[in-house]
Structures are given as structure tokens and as C-alpha cells.
Amino acid sequence: MDIYAAVEGSTAAIGYGLAAIGPGIGVGLVFAAYIQSTARQPESSRMTLPYVWIGFAVIEALALLGIAFGFIWAGA
């Protein structure tokens, strides 16, 4: 019984650690696409930069929602 309680207490941290992989990959893809588009057409870098920050903010908001829901469901 004591082992089950120890494992149950750390599942929220493990779950968020696994959930952080998705936003990490998403941020990498957003900035990789920006770098590639700027390398192909440098004069469009100022036009596409706001979209990069919007995409970054949306992805990070999803990561923050993931940690918030993890704490809510864990009952902390």
C-alpha cells in the first residue's frame, strides 16, 4: 500500500514532463520554419516575425494549461 501512495504522488510530475514534449517540439518547428523562410526570402523577415511570436505564444499557452490542469486534477 505504501508503494502505491508514493507512485500516485509523482504521476502529475511525470504527466507534465511527458506533456512538455509536445510544446517543445512545436516551438522548435515554429522557429525552424521562420529561419527557413527567412533564408529563402530575407526581405519578408519583418512581415513574418509577428506570426512567429503569435505561434510561440499559443504553443506556450497550451503548455501552461497542461501544467495548470495537472495541478488541478492532482488536487494540489
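The structure is a predicted model, in which local features need pLDDT of at least 70 and side-chain atom pairs count only at pLDDT 80 or more, while totals for chains, interfaces and linings use all residues. Residues are numbered from 1 along each chain as its sequence is written, and side-chain values use heavy atoms, with hydrogens and water left out.

The protein chain contains four helices and zero strands, in the order α-α-α-α from the N terminus. Helices (H or I, at least four residues) and strands (E, at least two) are DSSP runs, numbered from the N terminus.

Pro23, Gly26, Val27 and Tyr34 of α3 are buried. These buried residues fall within an arc of 100 degrees seen down the helix axis, so they line one face of α3; the arc is that of the directions from the axis to the C-beta atoms. The face turned away from the buried side of α3 carries exposed residues, namely Ile25, Leu29, Ile35, Ala39 and Arg40.

A nonpolar surface patch of about 950 Å² is formed by Tyr51, Ile54, Val58, Leu62, Leu65, Phe69, Ile72 and Trp73. Ile54 lies in helix α4 (residues 45-74) and is exposed, with a relative accessible area of 52%.

Methods:
Patch = residues over 30% accessible without salt bridge, like charges linked within 9 Å, V, L, I, M, F, W, Y side chains within 5 Å. Areas by Shrake-Rupley, 256 points an atom, 1.4 Å probe, with all protein chains shown as cover. Salt bridge = Lys/Arg side-chain N within 4 Å of Asp/Glu carboxyl O. Buried < 20%, exposed > 50% of the residue type's maximum accessible area, 1.4 Å probe, protein only.
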